[in-house]
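Conventions and cut-offs are given where they are needed.

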Amino acid sequence: MYDFSTITGSIHEFLLSFMAPWLAVLTECLIIGMGLLLVYSVLALIYIYYERKFCAAIQCRLGPNRVGPWGLLQSVADMFKILIKELIHLNHIDKFLFALAPYLVIIASMLCFAVLPWGNGLQIIDFNIGIFFLLACSSIGVLGILLAGWSSNNKFTLIGALRSGAQMVSYELSIGLSVITMVCLAGTMSVGGIVMEQQDCWFIFKGHIPALIAFVIYMIAGTAETNRGPFDLPEAESELTAGYHTEYSGIHFGFFYLAEYLNLFIVAGVASLLFFGGWMPLHIPGWDGFNHIMDYIPSVVWFVGKAMVLSGVIMWFKWTFPRLRIDQLLSLEWKYLLPINLVNLVLMVCIIILGWHF
Amino acid sequence: MANIQEKLAQIIPGATIEDDGTGIPQVTVDDKDWHDLARKLHDDPECPMDYLVTIVGMDWVESLGAIYYLASSKTLQRCSVRIQTTDREKPMLHSVADIWRIAEIYEREVYDLFGIVFIGNPDMRRLFLNIDWVGYPLRKDYNDDPALNPVSTENERQSDFTNVYVEKEDGTVEKTERRVFEADDFVVNIGPQHPATHGVLRFRTAVDGEMIKKIDVYMGYIHRGVEKLCESLQYPQTLHFMDRLDYFSAHNYHHGLCIAIEKAAGIEISRRAQVIRVMMDELSRIASHCLFIGTYCMDLGATTMLFYTLRVREQILDIMEKTCGARMTFNYDCIGGVMQDLAPDFVQDVKALLAVLPANIKEYNKIFTGNVIARNRMIGVGTLSREDAISYAVTGPSGRASGWACDVRKTHPYSIYSELEFDEIIATEGDSMARFECRMKEMEQSARILEQLVDNIPDGEYCVKVPKVLKLPKGSWFQMVEGCRGVFGVYIESDGTAKPYRLKIAPPCLPLATVVDHITRGAKIADLITIGGSLDYIVPDMDR
């Protein structure tokens, strides 16, 4: 398996050879920041195209097919359009909070990017509470949505924001608990550690029943966390026109739009980290030849591929199911998912203590 | 079963019972007695006249008045009652809004267009026109000078108050103002530009958190004054407006007006034309229900269904395009038959449609009806009882979902429907799910009708000869047909000329929109979308 830390290490050495250590670290931070921004926007474009094609396939349509080969440049064109669009200034709003909200949303999802295990040795920061940091960062997003809804001074956005607040706070519990379940199995909160733990076998197989339950709950809660159908109540277009971002235009709206897709990637990425080994190739204990072949596929491909497939599942939800109602949404969380999750956590602990996992 | 004429003579002693041109007995009563008589007619145990079909406002020049068309949900008999007042300055009649709930909105319509005040109506506001409108357009002495009602460049003036006229002990009438909403209500405007109102309709919704306290339905954004326009046009010209009411039931509405005019003029149309008309009606019913299912699912967030249902609708529109030359405003039925003969491959196309329809319906059920989220969203949401359905005159699939057998094709068969074999789909739950499933099953029944007819289109002329200038004899006629959304009634009064003296359209969608307030109380905002969608109203139809 190719280790990207050899590249990053050599860059570090190279910079140190003519720079003071602090300057080298600063330069590296800048390079990483630029790289992250680039990956972030390119990934968003790919995701928009991906979702369009995916839902077109479900709906017996072709999807974008005019701009560029197979419509590949469609999302680039759309992004350009959104960039040059006018930012409509509204009266009677809280201008500062209104402008701040989209940045909070986008910062939240960018911070999460920092701890994702992109590949072997290709992780921006790997510290001992990595997964905890990820949960904390993703919760900032709800703040942005609440602010957006509140500062717009519009009844629809306010209802959307309050729905979103109730929904995200509730489903964060489920995400947290299913993450804890898997952390128990891994024995570490470090993202790198979790990946390495799955060297011989992915957690979804290793933890069998409780891991499977945790996975299903995680996928449901993750869909809700990203405000996507069937949990897209905060922006339920047939009820609230566009929910919390009704009043936004131009790139401010673009930020919400982007963040939605990137959150989708993050949720899928974390799912692949916790259940499918992150960048770890598919390894089956005892099948050394097979494991060896799997190792030839680059780790980045493994990670992005898994995340894409899992995002596909979430998209599949959206384009198949109708939307839930707010009370049904909350009772699903508090009456079903949460108790199941708690029981599942106990089950997982028992299995670990008794050593019944693989 | 008592004869309706005898019944009327018994309840209204001394009244002269006339017969309008369509066999509906008509009595004229005094306004003072009307409210008590209405109560008696409504509560009669043998033959309760519990369904108020429509109120036709009338201006007979020497008097203003209203004609109430009543029907019994039990015995299906119909009658009409005329009341009038000679006071043209301050015309007042007594309201029956406490007897038939739908009368409230019908009386508002009459007030809006004729200026007749209904004493006791809890909500005497304009319905379609804005509150500053000068004059009452359907009066014969209406001044249509544009200077009186200039096109406003400012926002329309709004009022949070409504008027109530109460009669005191000594017979004087007092006008009082009443708030539409309570002073501290949180009122959200849903519409007029909103994806779920299916047109420019506005719900002023008072909410408490996510709970709906009250809805004020605010209509009139697409009011084009079709009834007024008809009065200045000849009979064949009036037909064209029928495409533009409920544009999904264009064929059915055309059919209704054609029957009324043909009855009045004594025109017999050929069997071929009748079969073609019925086939077109049923094709539009399938297309309309397909669109309903698609848009309804989209309202609930299941976008994909729209594409699946539009496939079938597309096929039907193609069939119609080949024959009528249009995909939307067909303008196909005409007085004496239909405009053109069928396209050569009509039969083949219809057969192709019938072949794919069952598989499609199965697919819809598989993807949506059985879905647990969809079921949770629809079952028990917006339950409308049978009594309320009748009282609010909610007809069509929505009424039948509440257990009221109101299909005009069965109750008062017209054209060749009495010879055809099909079931009236009736559910008892009255919730959104029942309304949805009723439509789903009605598509199957329409397909059944088409199957019976597709191989039996007789030869003959598709349109009989009618005079170029068609004059109807003096008299009045009322005809009901089953549109895709409910009972479409049309009333014609002729003074013997080539133009109607009064042409009243009784659309099914006005009651459908009115009942929204009643069944959304205490529901969630999301339920408003479910309920509104399941009622499937069309805004141009209610506004006219």
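## Terms and conventions

Two strands are said to pair if DSSP finds at least two bridges between them, and the elements themselves are DSSP runs numbered from the N terminus, helices being H or I runs of at least four residues and strands being E runs of at least two. The model is predicted, and local features need pLDDT of at least 70, side-chain atom pairs count only at pLDDT 80 or more, while totals for chains, interfaces and linings use all residues. Residues are numbered from 1 along each chain as its sequence is written, with chains lettered from A and ligands numbered from 1 in the order in which they are written.

## The five-stranded sheet

In chain B, five strands make an open sheet of mixed pairing in the order β1-β2-β5-β4-β3. Its edge strands, each pairing on one side only, are β1 (17-19) and β3 of chain B. From one strand to the next the twist averages 25 degrees, where axes are lines fitted to C-alpha atoms (for helices over the stretch in contact) and angles run from 0 to 180 degrees between N-to-C directions.

The antiparallel pair β3(B) and β4(B) is joined by eight bridges, and Gly65(B) in β4(B) is the bridge partner of Met58(B). Their hairpin has four residues between the strands, and Val61(B) takes a positive phi near 65 degrees in it. The hairpin of β4(B) and β5(B) has six residues between the strands, and here Leu76(B) takes a positive phi near 70 degrees. Ser80(B) is also the bridge partner of Gln26(B), in keeping with the parallel pairing, over three bridges, of strand β2 (residues 25-28) of chain B with β5(B). Helix α1 (residues 4-11) of chain B lies across β1, β2 and β5 of chain B and runs at about 15 degrees to β2(B).

A residue counts as buried if 20 or more other C-beta atoms lie within 10 Å of its own, as exposed if 12 or fewer do, and as partly exposed in between, with C-beta atoms placed from the backbone. Strand β4 (residues 64-71) of chain B is largely enclosed by the rest of the structure, because eight of its eight residues are buried. Leu64(B), Ala66(B), Tyr68(B) and Leu70(B) cover one face, whereas Gly65(B), Ile67(B), Tyr69(B) and Ala71(B) lie on the other, all of them buried.

Contact means that the C-beta atoms of two residues, placed from the backbone, lie within 7 Å. Neighbours within four places in sequence left aside, Leu70(B) is in contact with residues including Leu41(B), Met49(B), Leu52(B), Cys79(B) and Val81(B).

## The three-stranded sheet

A second open sheet in chain B has three strands in the order β15-β16-β17, with antiparallel pairing. Strands β15 (475-482) and β17 (502-506) of chain B are its edges, each pairing on one side only, and the twist averages 10 degrees from one strand to the next. Eight bridges join β15(B) to strand β16 (residues 487-494) of chain B, and Gln479(B) stands opposite Val490(B) in β16(B). Helix α6 (residues 250-265) of chain B lies across β15 and β16 of chain B, at about 150 degrees to β15(B).

## Domains and core

For chain B, an automatic or database domain assignment gives domain 1 (1-143) and domain 2 (226-519). The centres of these two domains, taken over C-alpha atoms, are separated by 27 Å, and the contact takes 20 residues from domain 1 of chain B and 25 residues from domain 2 of chain B. Strand β3 (residues 51-59) of chain B gives the most to the domain 1 side, with six residues.

A nonpolar core is a set of buried Ala, Val, Leu, Ile, Met, Phe, Trp, Tyr and Cys residues joined through C-beta atoms within 7 Å. The largest has 247 residues, and those with the most contacts inside it include Val105(A), Leu52(B), Ala66(B) and Leu70(B). Helix α12 (residues 250-275) of chain A gives the largest share, 16 residues. Both domains of chain B give residues to this core, so it lies between them.

## The interface with chain A

Across the chain boundary, 23 residues of chain B are in contact with 24 residues of chain A. On the chain B side, α10(B) gives the largest share, four residues.
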